[in-house]
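Below is a short note on the model, in numbered points. Please read it next to the coordinates.

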Amino acid sequence: MDILVGDETRSYFPVTIWQKQLGSLILAGHVFLLQNLKVAKFGDTVEARTLHCSSLQCLLQPKDFVASKGLDEVIKDCQVGITARDKLQKVVGWMQRARLVHCGSVLNYYEHRGQLKVNWKVHEEMHSQNCPSLSELCRCENSSKATFHASVGEIFLPITWVNVQETEAERMFVSRRLHTSSQNSLVDDLITTGCQLCGTPVNGTLGSNVEQNTIPLYCQRSSNRLHVVGTVYRPFLLYVWDDSKYLPISVTNKAAELLFGNISAEKVYSAYKSRNALKKNQSCEVHGLSKAGDGNPDFYMIWLVLLNVLFKHGQNSPFKFKVTVDTSKEWENGRLDMISVSLPAFGAV
């Protein structure tokens with residue numbers, strides 16, 4: 001575990017505790033005597049770490065600052081040498097001068113927290129709101145979570161990994177490819193290898209070359225910051241509409257699975273490859289939705305049917321979307337990020 005300690009010479013000094021038994025003894029607000037540490041320097045950073053021979057002794061607790069017999073008496077009773085006792089007296093004086101002792105009893109950590117440079121973000125619960133229309137959603141001035149109803153208008157796939165000729169511009173509009181021969185390459189364009197948590201493409205082994213410079217080093221949605229690599233849907237823009245507005249929503253892998261009936265990219269791609277292999281072996285066209293070449297349900301054809309159903313404009317009930325709203329971003333650059341989607345069941349009138 002990593003801790004920050006301080007004394008009259010340095011307010012904040014990092015120490016790494018390797019031994020669990022030592023780490024379990026450390027509590028904020030206590031004054032400890034740490035001995036036999038290894039001090040190392042990395043660039044401009046100096047830190048210490050414990051060794052197998054390191055020791056830790058608690059000298060003062062927060063309650064000692066308000067002890068009835070007085071702080072001086074408590075310090076005098078500490079079982080340490082003269083040098084360590086003199087050092088303890090200096091540390092206590094520094095704490096009192098720096099107002100690190102709150103009401104004489106508790107380390108006022110939060111008062112001085114702003115002085116620390118941290119490398120993590122504190123999780124803040126976002127405000128949630130229900131928007132009766134997309135126009136109301138547009139008037140959101142603060143970042144939040146929003147729920148609204150809208151119909152699907154288009155899926156726009158920004159193709160940036162290959163050079164697309166002007167005559168091929170419609171390749172980016174998924175609805176226009178479903179009834180043409182280009183639907184056969186739709187899987188290769190919409191599915192790739194990437195992180196299954198954040199949805200970021202990480203390479204182009206599934207038929208396309210992704211620009212490597214855009215790949216983030218760490219996954220923001222992973223507890224250990226490592227990408228979980230697998231077959232994923234590429235990020236795309238889902239354009240939705242109601243009677244008042246037409247807006248784009250950014251959709252990544254997990255949200256895309258919800259939009260496509262909980263069918264993962266792995267299932268679609270596997271069925272697609274099995275279907276193509278079967279066609280080559282039999283030298284004939286394969287029809288039907290029941291089974292793919294490996295005997296499993298043909299998730300590729302089921303996926304195509306779901307895509308066609310999404311674009312039945314005017315024939316579907318509005319979908320219920322839940323999104324995060326980031327007001328610092330532009331509309332077509334992730335201002336709305338899809339969390340979930342569902343098809344509400346409306347009762348008969």
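1. Arg176 is placed over the ring face of Phe173, 4.2 Å from the ring centre. A second case is Arg335, which sits over the face of Trp331 at 4.6 Å from the ring centre. A charge counts as over a ring if NZ of Lys or CZ of Arg is within 6 Å of the ring centre and within 35 degrees of the ring normal.

2. On provenance: this is a predicted model, in which local features need pLDDT of at least 70 and side-chain atom pairs count only at pLDDT 80 or more, while totals for chains, interfaces and linings use all residues. Residues are numbered from 1 along each chain as its sequence is written, and side-chain values use heavy atoms, with hydrogens and water left out.

3. Ten aromatic pairs are present in the structure. Rings of Phe, Tyr and Trp (its six-membered ring) pair if their centres lie within 6.5 Å; planes under 30 degrees apart count as stacked, over 60 as edge-to-face and the rest as tilted. Phe319 and Phe321 make a tilted pair, with 6.2 Å between centres and 55° between planes. Ring pairs also join Tyr233, Phe236, Phe260, Tyr269, Tyr272, Tyr300 and Trp303 into a cluster.

4. Phe319 counts as buried because its relative accessibility is 13%, and Phe321 is buried at 0%. Buried means under 20% relative accessible area, exposed over 50%, and partly exposed in between (1.4 Å probe, protein chains only). Of the 349 residues in the protein chain, 39% are buried.

5. The protein chain has eight helices and 15 strands. Both are DSSP runs numbered from the N terminus, helices being H or I with at least four residues and strands E with at least two.

6. An open sheet of four strands has the order 1-2-4-3 and mixed pairing. Its edges are strand 1 (2-5) and strand 3 (31-42), each of which pairs on one side only. Two strands pair if DSSP finds at least two bridges between them. Strand 2 (residues 13-16) and strand 4 (residues 45-60) run parallel and are joined by two bridges; Val15 is opposite Ala48 in strand 4. Helix 3 (residues 82-97) packs on the sheet, where it touches strand 3 and strand 4, and its direction makes about 85° with that of strand 3. Axes are lines fitted to C-alpha atoms, for helices over the stretch in contact, and angles run from 0 to 180 degrees between N-to-C directions.

7. Among contacts in the protein chain with a separation of 6 or more, 57% involve residues 24 or more positions apart. Contact means heavy atoms within 4.5 Å.
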